[in-house]
Amino acid sequence: MGMFEAILLTVATAATPLLIAAMGELVVERSGVLNLGVEGMMIMGAVAGFGVAQVTGSAWLGMFAAILAGAAFSLLFGFLTLTLVTNQVATGLALTLLGLGASAMIGESFVGLPGVRMQSLYIPVLTDLPVVGKFLFGQDPIFYISILLTIGVTWFLFRTRAGLTLRAVGDNHTSAHALGVPVVRVRYLAVMFGGACAGLAGAQLSLVYVPQWVENMTSGRGWIALALVVFASWRPWRILAGAYLFGAVTIGQLHAQALGIGIPSQFMSSLPYLATIVVLVLISRNKRLTLMNTPTSLGKPFVPDR
Amino acid sequence: MTSISDKGGAGRPLLEASALTKIFGSLKACDGIDLTIGTGEIHALLGENGAGKSTLVKMLFGALQPSSGDIDWKGDTVAMANPAFARSLGIGMVFQHFSLFDALTAAENIALSLDVKTDLNTIATRAREIGQTYGLPVDPDALVGDLSVGERQRIEIIRCLLQNPDLIILDEPTSVLTPQEADLLFVTLERLRSEGKSILYISHRLEEVRRLCDRATVLRHGKVVGQCDPRKETSASLARMMVGSDIHVIERRPNDAPATQAALIEVNGLSQKPRGPFSVSLHDVRLSVKPGEILGIAGVAGNGQGELFEAISGEALQERADIVRIRGKDAGRSGISARRRLGAAFVPEERLGHGAVPDMSLTNNLLLSRYSTDGKVFLGGGLLRLLQQSSLALAAKRIVAQMDVRKSAENPDASALSGGNLQKFLIGRELDRNPSVLVVNQPTWGVDAGAAAHIRQALVDLARSGSAVIVISQDLDELFEISDRIAAMVHGRLSESVPIEAMNMERVGLMMGGADTASAHVNAGAV
């Protein structure tokens with residue numbers, strides 16, 4: 001396996017959780033809800049995935065458990081912000097803190113246990129192709145799910161009636177309500193989809209990336225996913241590009257450290273976060289682009305009059 | 001115009017509401033309203049702001065649930081559970097504040113209100129067809145956020161017509177149109193009537209109701225106060241039914257200030273890029289107003305009036321200081337407070353959230369616009385700048401008495417006042433300073449006729465006492481009533497101003513549509 005192929009593979013592995021979590025959050029924000037609890041839902045997915053895989057010995061069951069855990073955890077956010085109409089920013093932050101704490105408690109006995117790794121695909125001949133063989137045909141199932149998810153979300157948002165309704169709710173919930181769209185129900189579904197995606201992204205971390213449980217193992221990836229949504233100006237394909245860009249930065253700094261380049265390792269590890277800030281600054285300079293695509297109702301509470 | 005109003009009486013009515021009542025808290029927004037709409041008639045629903053028109057139609061359309069009362073549709077009592085149900089019965093509605101989605105295309109907007117599963121291409125084709133049939137051209141692929149208000153209304157109407165309704169409810173449809181655009185709309189509506197469709201036409205514009213409608217129901221304070229054939233009434237008799245008393249006529253003394261005086265406010269070649277995605281750019285705007293004068297600025301909403309107001313008030317700064325001059329001093333680089341200290345005062349369009357902080361009391365709102373100009377009176381304690389509640393209360397009391405503001409408590413929150421009373425307070429707050437320059441955007445939007453007359457009189461009196469006043473308004477009747485000169489804004493350009501004596505509805509309509517190009521450029525010499 002050549003150096004280039006190895007880098008390509010590790011970039012994909014680093015990019016996949018960002019892609020999945022950001023794609024879920026994109027759908028949530030397109031519906032007009034700002035869920036800052038991605039990090040919390042992700043870590044809940046990671047711990048649930050690891051635990052169930054550990055007990056049952058099946059990585060697949062672990063993955064489904066992670067999806068369920070993420071969705072269930074997001075339901076708490078949905079109930080608070082959509083039914084009780086609490087402040088979305090504060091509730092999202094609370095969800096992250098709660099998730100980090102709860103997962104550490106649940107996962108206390110998992111620390112140091114060997115995990116169950118999700119098996120990568122192997123197709124004879126195709127997987128053995130030089131350079132791109134392993135990247136295209138030899139990866140873990142969650143990688144393929146992430147690509148299908150990107151295609152699926154794009155198709156859903158811009159080609160289906162339900163996607164149109166979701167965008168309408170995010171653009172102007174008062175008008176959508178006047179048209180008879182069940183605004184709150186649409187948002188619940190979107191929030192749960194986002195939670196499920198975040199859970200899946202967490203499972204990728206604890207079942208593929210590093211198959212073990214470490215407290216706080218998401219280490220800020222949920223926040224990068226949130227930034228990615230803005231970076232992508234709420235467009236699915238730009239999220240794919242952004243996720244791989246950030247994946248490349250993450251892996252690049254690891255390789256640079258391994259090669260002994262004389263830059264402090266702390267600086268290198270902070271590169272992805274610095275990149276996030278730089279990108280956000282660049283994006284926010286172009287006001288028209290950002291504002292045109294920003295869902296107008298984003299973060300605004302909706303209370304129907306009756 | 002052919003009269004087919006007799007159809008309304010014959011046979012069973014299309015829609016019949018009986019004793020409809022809607023209570024919000026302690027307020028009876030609608031109180032036992034009876035309304036009958038026949039087939040093939042244009043039925044006017046007349047009433048002042050707050051008379052209960054919007055509440056009534058929202059109940060008819062299922063957007064609100066009545067507290068009591070029945071709605072019969074084609075003879076059967078129905079429960080209008082939601083708008084989707086009303087649509088399925090054959091009721092369509094075009095809202096006053098459009099229920100369109102800015103970030104979606106015209107075709108997507110239309111698709112959202114259609115219950116059947118139709119793909120976007122089919123919808124685009126049918127929208128084009130209907131647009132051609134009824135004289136409502138639209139581009140289905142255009143983003144709604146980029147369209148003019150008139151074009152948005154067309155989309156609303158087409159969206160409504162695509163559902164093939166029997167009854168179309170139009171809520172204040174002409175309030176956002178130029179007179180010419182309104183004429184086109186009337187042609188469309190008459191054509192719909194000739195096809196046997198019924199229209200419930202909500203308006204407070206009496207002339208167009210008299211011209212268009214077969215029957216009228218008049219509401220006041222949530223009750224039906226009269227039914228009539230508007231074509232047999234005069235505007236004055238309809239107005240008396242609406243308001244319940246005769247309306248105060250504005251007194252306009254001739255402007256006796258000498259014409260040689262220097263202008264109090266000047267704008268010299270103001271150009272500005274759009275400040276947001278749906279904001280308008282300004283191009284070489286020039287104006288100047290002398291003491292004693294009122295300059296009226298007409299224009300369809302969204303042609304740069306808001307941007308011009310922000311530029312003059314100092315919410316947006318100019319590139320050079322001499323672009324805006326107040327009382328002969330360059331103010332283009334000064335902020336709002338500095339401009340106020342030069343003697344200018346500003347009343348923005350949006351009352352709650354821009355003109356006043358909704359959750360703050362009247363005295364606090366008073367201080368917010370005047371802490372800089374009247375700091376000596378309202379702030380004490382030297383450097384501590386403590387609030388002088390007693391002098392604030394005194395000033396508020398003076399304004400309330402001067403402007404006849406009706407309020408329920410001694411010092412209520414701004415949001416507790418009705419629109420008209422809050423507007424009177426906000427204008428009074430600035431008049432109380434006796435400003436040399438007053439710029440006001442939409443002074444009587446959504447204000448009832450009595451309060452509007454009071455505000456207009458106050459503006460005229462301020463000008464005649466030697467101040468320069470700029471009134472930006474979409475209400476042409478208002479501009480004709482109080483202005484000395486009228487100019488129009490189109491696509492961020494300001495036309496040359498025309499003296500009121502040489503002005504008429506047709507000319508202002510052409511200016512608002514940008515057709516009166518002869519006067520649309522360089523007007524520095526004329527003013």
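## Sheets and helices of chains A and B

Helix α2(B) lies across β1, β2 and β4 of chain B and runs at about 120° to β1(B). The model is predicted: local features need pLDDT of at least 70, side-chain atom pairs count only at pLDDT 80 or more, and totals for chains, interfaces and linings use all residues. Residues are numbered from 1 along each chain as its sequence is written, while chains are lettered from A and ligands numbered from 1 in the order in which they are written.

Helices (H or I, at least four residues) and strands (E, at least two) are DSSP runs numbered from the N terminus. Two strands pair if DSSP finds at least two bridges between them. Axes are lines fitted to C-alpha atoms, for helices over the stretch in contact, and angles run from 0 to 180 degrees between N-to-C directions. Contact requires C-beta atoms, placed from the backbone, within 7 Å.

**The four-stranded sheet of chain B**

Four strands of chain B form an open sheet in the order β2-β1-β4-β5, with antiparallel pairing. At its edges stand β2 (27–37) and β5, each of which pairs on one side only. From one strand to the next, the twist averages 30°. Strands β1 (residues 15–24) and β4 (residues 68–73) of chain B run antiparallel and are joined by five bridges; B:Glu16 stands opposite B:Asp72 in β4(B).

Strand β5 (residues 76–78) of chain B contains B:Thr77. B:Thr77 has 10 other C-beta atoms within 10 Å and is therefore exposed (12 or fewer such atoms; 20 or more make a residue buried, and numbers in between partly exposed, with C-beta atoms placed from the backbone). Leaving aside residues up to four places away in sequence, B:Thr77 touches B:Asp70 and B:Asp72. A separation of 9.3 Å lies between the C-alpha atoms of B:Thr77 and B:Ala17, which are 60 residues apart along the chain.

**The six-stranded sheet of chain B**

A further open sheet has six strands in the order β6-β7-β8-β3-β9-β10 (chain B), with mixed pairing. Its edges are β6 (91–94) and β10 (223–228) of chain B; each has a single partner strand, so one side of each is left without a neighbour in the sheet. Neighbouring strands are turned by 20° against each other on average, direction ignored. Strands β6(B) and β7(B) (residues 167–171) pair in the parallel sense over four bridges, and B:Gly92 has B:Ile168 in β7(B) as its bridge partner. Two helices pack on this sheet, as tabulated.

| Helix | Strands touched | Angle |
|---|---|---|
| α2(B), residues 53–60 | β3 (42–46), β7, β8 (198–203) and β9 (215–220) of chain B | about 150° with β7(B) |
| α9(B), residues 235–243 | β3, β9 and β10 of chain B | about 35° with β9(B) |

**Helix α10 of chain B**

Nine of the nine residues of α10(B) (residues 305–313) are buried, so this helix is largely enclosed by the rest of the structure. Among them are B:Leu308, B:Phe309 and B:Ile312, as well as B:Glu307 and B:Glu310. B:Gly314, with a positive phi near 95°, follows α10(B).

**Chain A**

Chain A has 13 helices and zero strands. Its radius of gyration is 19 Å, close to the 19 Å that the globule rule gives for 306 residues, so chain A is as compact as a globular protein of that length; the radius is taken over C-alpha atoms, and the rule is 2.2 Å times the number of residues to the power 0.38. The C-alpha trace of chain A spans about 65 × 45 × 40 Å along its principal axes. Of the 306 residues, 48% count as buried. Among contacts in chain A between residues at least 6 apart in sequence, 79% join residues at least 24 apart.
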